[in-house]
Amino acid sequence: MSAADGRLLDVASLAVQLPVGGELRTVLHDVSFHIGPGEALGLVGESGSGKSMTARAIARLLPAGAVTTGTISYAGGDVTALKGAALRSYRAEVAMVFQDPRAHINPVRRIGDFMTEALRTNHGVSKADAVARAIGLLAEVGIADGQRRLEQHPHELSGGLLQRVMIASALLTEPRLLLADEPTTALDVTTQADVMAILDDLRRERGMALLFITHDLELASAVCDRTAVMYAGQLVEQRTSSQLHDDPLHPYTAGLVGARPRIDGDVTRLAAIPGRPRSAYEAPAGCAFADRCEHVEDACGEARPPLEPIEDGFVRCRRATELRGMLRAGGRHG
Amino acid sequence: MGESAVPLASGPSDPSGSTGEALLSVRGLTKHFGTNVAVDDVSFDIARGGSLAIVGESGSGKTTIAKMVVGLLAPTSGTITTCGHDRSTPARGAAERRRRGAEVQIVFQDPYSSLDPRQSGASAIDEVLALHRGGSSADRALRVAELGDLVGLDDRQLRALPKALSGGQRQRVAIARALAAEPQLLILDESVAALDVSIQAQVLNLLADVRADTGVSYLLISHDLAVVRQITDDVIVMHRGVVVERGATRDVLDHPQAAYTRLLRASVPTPGWRPRRRSEWTDAPDLSDVSDVSAG
Amino acid sequence: MSLVELPTTAVPPARRRLAGRGLPLLRGTGLVGHLCAIVLLGALLVAVFGAAIAPHDPDLTNLSFAFVGRFQDHYLGFDSQGRDLLSRLLAGARTSILGPLVVVLLSMLFGTVLAIATAWKGGRFDTIVSAALDVLFAFPAIVLAIIASVVIEPGLKAASLALSVAYTPYIARVLRSAALRERSRDYIAALEVQGLRAWVICVRHLGRNMLPIIVAQGTILFGYAMVDLAAISFLGLGVQPPQADWGVMVATGQSGVLQGYPMESLCAGLCIVVVVIAVNLLGERLSDRSTLVTR
């Protein structure tokens, strides 16, 4: 039924706690968003913001002992309850690409074994068919000599090439949703542009939905319809990508935009956000950003503000309406 | 050899200019690793108080140049001169090593490996002061506090072990430790690349302040064009060990000439940017690294 | 990026909880580590004061008491030559513990210096030294001990020296990889760039940061040294009779074992086993801790 109302993935009030030193520590707190079929959502944040943990929760890759509350539903079904064959078929529909391809590929096996193993064992595809499919997908990610590549080992491939292999193998099971966790962060900038272009093309051609996780707001804006900003384990703002940059509503979003040096103009002094990014467990009791915010008031520390709908998105700031339009100007001088 | 193929913008770092004022002068620098040429005949100058960036991607040879300039790697050929002293051969004796240390210092990329895990920031800075300045421990303690002030660390943070500090704070300690020797030239080897955006801005502002306060020169090694624009006056662009373009940072970024620089510039996400496949580049330079094995 | 906090979850909660408690030197070694330390402290006290607190003269023979069991204040009875067994155990503790201690100190010193030197210099020096150590590695400790006992004279000195040399390649190899790891970290490069002398960096920074691994390896080595020295004494190449020593006692007791009087070998063997187990358990825990500390 969820799928009927235009939502492929629906995350509601997701909270995750991990066991650290014998106690449970909050890493995600009240995360809610949804992705429609064929839609791309960006998830942007700094270290400890919980963006990777959100993807891991969706992919059912949380470490043992993690406590999850709230709901994650995919095509109307509860993801957290999946087991056995149902979990396997979910994983065929929801694929994941990681930041460091080398850490997620067996270094002593050939690329061909890596790419075709799941197809052959889990989906009963014949070897010849699996290889043909792999070569076809390698061609789609811009690797022309697929036949030769399948015979090679991971160490014989450059980082950019290996990440393309990972993307191709993620697409082998024809997923409807791709979770991409900083897939280009370890790559050179020209390779990043190339890999992002390929990812973007494939997504559009196949009508595949994408959850794109990155620390780079501009990169997310370039390939995503909507972008959500995370801070201290919560979503603080979610907007259409162009709006997020031009008209940020949360002071943290504005801070991120202002803190980044510019390539196309001169800024004498960057508008740095004071302090350091907080993890969920060490955030202040009220608004998590209160201790770094230049627009903070006494009331901000009293209660954690809810994620409230506003025009084209959501924002978690009690002064959002009042500060609107002032944030860019406020963040730029400094 | 790549240099001559590219129009040289004349600027403070123009190697054809007078070397009389140059703080750092690098001529014909070459480094081979076996049969692999990591750096091929590179020349540049940094004027006193100047700030030069070497920008490039992995395999461009930029970090190899930094290691040779600072003395961690011996060049295959070419000369490196700072303040009129040659430093392209290994130092002889403790006094010369110390003098070289007082000329050029370096801040590394990884804040988690660049500090001794069992030594507080204050103790690390004090060790450098004892080596280069001597003086009583009370004098040095005063100077440690001054350096802490300069980089924005309070007494408690200075006395903490690295594990109690965040990445940004560790990088501040590393900057203070490098400045303790009062070097003429500070090499920033991707020094802000590992930091979160909000912390990176703080450290970039700090680096601008330090340069204004102390007159130290920077040699920035970076892959990040926006960071390069923020803290340097001049830039050289490297690709596969060869200089492909050089000039004032602003000019090179606003009007890139070399095909590789244009590709680099166009690959940086900005508002309104769309990623493009490499095959869509009609004038793309030879980027056959796709088929190469990269050492990472 | 946000996964940086994750690795801490890999540490078992029980181990973490103990991490903050206990004596500073033994922090993180848990209850077993502390118990082992108490056993070893006891053994050390016996080694120092054993001869003084022995109730009888350990070397006084009285053949009419040979193999006599518990009698009056002779709580463990007598050995084959009618000497008080308890007194011999107490007096023998000194050489039995001093020997391995000397072996550990010497081989750790040689091994650490070679490990740091090869890791620091690298290149041809590393190749030559490593090859030489590999050759030495091929000699069994016992063979070296035989050679040493011929060249010097049979005794604790020759045996300890031979074992120290025999252990050095092993220690050097284990520590070299730790030294290489530390050597490659940026803070060492930063110190070099400052102009510090190489040996100052090695002693003050590199060596000091390897200390947990050095201590852990030394502790484990102590157990091996004790067993090997006992074996050498058993062969008659180490401590010479009539001097009391646990290894010698295991050897001389064998005639009694055949005649149905196993007390001498049994008691001496038990002393060796208890100390070795305590040392190894502690060493293992110290070693685990050092890998935790250095990530």
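What is the strand order of the open sheet of four strands in chain A? The order is 2-1-4-5, with antiparallel pairing. The notes below start from the basis of the model, then return to that sheet.

1. **Basis.** This is a predicted model: local features need pLDDT of at least 70, side-chain atom pairs count only at pLDDT 80 or more, and totals for chains, interfaces and linings use all residues. Residues are numbered from 1 along each chain as its sequence is written, chains are lettered from A and ligands numbered from 1 in the order in which they are written, and side-chain values use heavy atoms, with hydrogens and water left out.

2. **Confidence, chain A.** pLDDT is the predictor's confidence in each residue, from 0 to 100. Chain A has a mean of 90, and 96% of its residues reach 70 or more. Residues 329-334 of chain A fall below 50. That stretch has nine contacts in the model beyond near neighbours in sequence, where contact means heavy atoms within 4.5 Å.

3. **Confidence, chain B.** The average pLDDT of chain B is 88, with 88% of the residues scoring at least 70. Two stretches need care in reading. Residues 1-19 of chain B stay under 50, and the model gives them 30 contacts beyond four places in sequence. Residues 288-296 of chain B also stay under 50, with 20 such contacts.

4. **The sheet in chain A.** Strands here are DSSP runs (E, at least two residues), as are helices (H or I, at least four), numbered from the N terminus. Two strands pair if DSSP finds at least two bridges between them. Strand 2 (23-35) and strand 5 (77-78) of chain A are the edges. Each has a single partner strand, so one side of each is left without a neighbour in the sheet. Strand 1 (residues 9-20) and strand 4 (residues 67-74) of chain A pair antiparallel over seven bridges. A:Val11 has A:Ile72 of strand 4 as its bridge partner.

5. **Salt bridges.** The structure holds 46 salt bridges over all chains. The rule asks for a side-chain nitrogen of Lys or Arg within 4 Å of a carboxyl oxygen of Asp or Glu. One of them joins A:Glu297 and A:Arg319 (3.3 Å, N to O). This pair links distant parts of the chain, 22 residues apart. A:Glu297 sits in the loop between helix 10 (251-259) and strand 11 (308-310) of chain A. A:Arg319 sits in the loop between strand 12 (313-315) and helix 11 (320-323) of chain A.

6. **Chain A against chain B: extent.** Here 53 residues of chain A are in contact with 42 residues of chain B. The two chains bury about 4,000 Å² between them, 51% of it on carbon and sulfur atoms. Buried area is the accessible area (1.4 Å probe) that two parts lose on being put together, summed over both. A:Val189, A:Thr190 and A:Ile263 supply 18% of the area that chain A buries against chain B, more than any other three residues.

7. **Chain A against chain B: detail.** Six salt bridges are counted between these chains. In one, between A:Asp200 and B:Arg274, the closest N and O atoms are 3.5 Å apart. Helix 6 (159-170), helix 7 (189-206), helix 8 (217-223) and helix 10 of chain A each give two or more residues to the side that touches chain B. Helix 7 of chain A gives the most, with twelve residues.

8. **Chain C against chain B.** Chain C has eleven helices and zero strands. Its contacts with chain B involve 21 residues of chain C and 27 of chain B. The buried area is about 2,000 Å², of which carbon and sulfur atoms give 51%. C:Asp186, C:Val193 and C:Gln194 lose the most area to chain B, together 34% of what that side buries. The count is one salt bridge; C:Arg204 meets B:Glu127 in a salt bridge (2.7 Å, N to O). Helix 7 (186-194) and helix 8 (198-234) of chain C each give two or more residues to this side. Helix 7 of chain C has the largest share, eight residues.
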